[in-house]
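Trainee: Can we go through this model term by term? I want to know what backs each label.
Mentor: Fine. Ask, and I will set each value against its definition.

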Amino acid sequence: MGGEQIFQVVPAAVKTWWITVLFVGLAVFLLAVMVFVRQMVENVSKASFAVDGQALEIRAWPYGRAIPLGDLDLEKARIADPATDPEARLSWKRNGVNLGALRAGWWKLKAGGKALVFLTAPGKAVYLPTRQGYVLMATVSDPQGFLDALRHRAR
């Protein structure tokens, strides 16, 4: 009479397949978000700006666009340091990326208004107001050359 007796629980009538579907769905969703964010960060960190006789074309998914040269306020365009220039200081991110020195996307400005930003390094950036209700700010390899090209093409 000294042997061990084992009693099993009665199997529940609950189906658990939905838990597997939920976890797989969640994993796929998180993977898609990670791929999206990685692609966005890579694209905005390698943004380029093409200037032709009609428009400034911003090549940076998902914030790329073509801005007609007539919509650029080149009289107020200048080279500025967003860390010290009161008009160029960023307030908070509305939609975009903020990873170390990389700031890209839509931001509010401390002085008011909004900015489409492509800042990849601290220091000097092009501050370019538009007549579309926002400022474009970008750190380009040759800020003065960029402004000169815009002004030359706009004539």
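Trainee: What makes you say that helix α2 lies across β1 and β2?
Mentor: This is a predicted model. Contact means heavy atoms within 4.5 Å. Helix α2, residues 143-154, lies across β1 and β2 and runs at about 30° to β1.

Trainee: Why are β1 and strand β2 called a pair?
Mentor: Two strands pair if there are at least two bridges between them. β1 and β2 (residues 55-59) have 4 bridges, in the antiparallel sense, so they meet the cut-off of at least two. F49 stands opposite I58 in β2.

Trainee: Which sheet has the order β1-β2-β3?
Mentor: An open sheet of 3 strands, with antiparallel pairing. β1 (48-51) and β3 (65-68) are its edge strands, as each pairs on one side only. From one strand to the next, the twist averages 20°.

Trainee: What is the order of the open sheet of 6 strands?
Mentor: β4-β8-β9-β7-β6-β5, with mixed pairing.

Trainee: Why do β4 and β5 count as edges?
Mentor: Each has a single partner strand, so one side of β4 (78-80) and one side of β5 lack a neighbour in the sheet. The twist of this sheet averages 25° from one strand to the next.

Trainee: How do you know that strand β5 and strand β6 pair?
Mentor: Count the bridges. There are 7 between β5 (residues 90-99) and β6 (residues 102-109), and the definition asks for at least two. They therefore count as paired, and they run antiparallel. L90 stands opposite L109 in β6. L99 has L102 as its bridge partner.

Trainee: Which helix lies across β5, β6 and β7?
Mentor: Helix α1, residues 17-45. It runs at about 110° to β5; β7 is 114-119.

Trainee: What makes a residue part of the lining of the largest pocket?
Mentor: A lining residue has an atom within 4 Å of a pocket point. D81, P82, A83, L90, A101, R103, W107, L119, A121, P122 and G123 line this pocket. Its volume is about 200 Å³.

Trainee: How many residues of that lining are nonpolar, polar and charged?
Mentor: 8 nonpolar, 1 polar and 2 charged. Gly counts as polar, while Asp and Arg count as charged. G123 is in the lining, and so are D81 and R103.

Conventions: Residues numbered from 1 in each chain as written. Predicted model: local features only at pLDDT ≥ 70, side-chain atom pairs only at ≥ 80, totals over all residues. Heavy atoms only, no water. 1 Å grid on protein atoms, 1.4 Å probe; cavity = no way out; pocket = protein on both sides within 12 Å on 5 of 7 lines; lining within 4 Å. Points joined across faces, edges and corners; volume = space filled by probe spheres on them. Helix = DSSP H or I, 4+ residues; strand = E, 2+ residues; numbered from the N terminus. Axes fitted to C-alpha atoms, helices over the stretch in contact; angles between N-to-C directions.
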